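Here is a protein chain to look over.

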Amino acid sequence: SYSGVYFCYYGFTTCGSSSCGDPNACEYAIGIGVFALIVAIVFLLLDILFFWKPNFLDKPFFAKVVRFGDVVFSFLLASLWFVAFVYLADKWAEVNTAAVELIVREFEKQADVSITLSSSAAEAAIAFSFFSMAVWIALGVLAVLSVKSARQGQSEAPAESEEKKEPAPI
């Protein structure tokens, strides 16, 4: 029966030994990925809504909340991806490949299946975490620049409106 056996290169959940690694490393990275996807979709929908209805973010409070949320979530996700990168790399270094291979071969005999072990999935997860961290840092920097440009636009807007109200010289 395959129920109760979840394999990740970092280890079996049914192993119960520290030499098999930590399957929570994979689960953490998957959880962060799903959370990041949901956050990205929400902000993408807000961008689309702003593009179709420019006056949607016309309310200053709502615009500030969206921009602040963009900055906060970008840097929050960058830090969570950093934790994932360190966690995955640490657990990958701790895995005793011989112990994992022994357990896999034992499982193969019991389940009458063939399993090929490869570290490329673990390496890909670590690389994905690293590059995701870099991308979210870049998005955070762009969000901060957006907030700065919005503040400059707000500080310049009243001066322009005062100039327009002055009557033209005769």
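This is a predicted model: local features need pLDDT of at least 70, side-chain atom pairs count only at pLDDT 80 or more; totals for chains, interfaces and linings use all residues.

Residues are numbered from 1 along each chain as its sequence is written, and side-chain values use heavy atoms, with hydrogens and water left out.

Q: In what order do the elements of the protein chain run from the N terminus on?
A: The protein chain has 4 helices and 2 strands. Helices (H or I, at least four residues) and strands (E, at least two) are DSSP runs, numbered from the N terminus. From that end, the order is β-β-α-α-α-α.

Q: What percentage of the residues of the protein chain count as buried?
A: Buried means under 20% relative accessible area, exposed over 50%, and partly exposed in between (1.4 Å probe, protein chains only). The protein chain has 170 residues, and the buried share is 26%.

Q: Which helix gives the most to the lining of the largest pocket?
A: A pocket is an open set of points on a 1 Å grid over the protein atoms alone, where a 1.4 Å probe fits, with protein on both sides within 12 Å along at least five of seven lines; lining residues have an atom within 4 Å of a point. The lining of the largest pocket takes at least two residues from each of α1 (24-52), α2 (60-94) and α4 (120-165). With 7 residues, the top contributor is α1.

Q: Which residues lie nearest the centre of the largest pocket?
A: The space in this pocket is about 450 Å³, a volume filled by probe spheres set on the points. Its lining has 18 residues, and those nearest the centre are F43, D47, V66, D70 and A143.

Q: How many aromatic pairs does a search of the whole structure find?
A: Rings of Phe, Tyr and Trp (its six-membered ring) pair if their centres lie within 6.5 Å; planes under 30 degrees apart count as stacked, over 60 as edge-to-face and the rest as tilted. Ring pairs also link F35, F43 and F73 into a cluster. Over the whole structure, the search finds 6.

Q: How many residues apart in sequence are the parts that the pair of Y28 and Y87 ties together?
A: Y28 and Y87 form an edge-to-face pair, 6.0 Å centre to centre, with 75 degrees between the planes. Y28 lies in helix α1 and Y87 in helix α2, so the pair bridges parts whose separation in residues is 59.

Q: Is W81 buried or exposed?
A: W81 pairs edge-to-face with F128, at 5.5 Å centre to centre and 80 degrees between the planes. F128 is exposed, with a relative accessible area of 51%. The relative accessibility of W81 is 3%, so W81 counts as buried.
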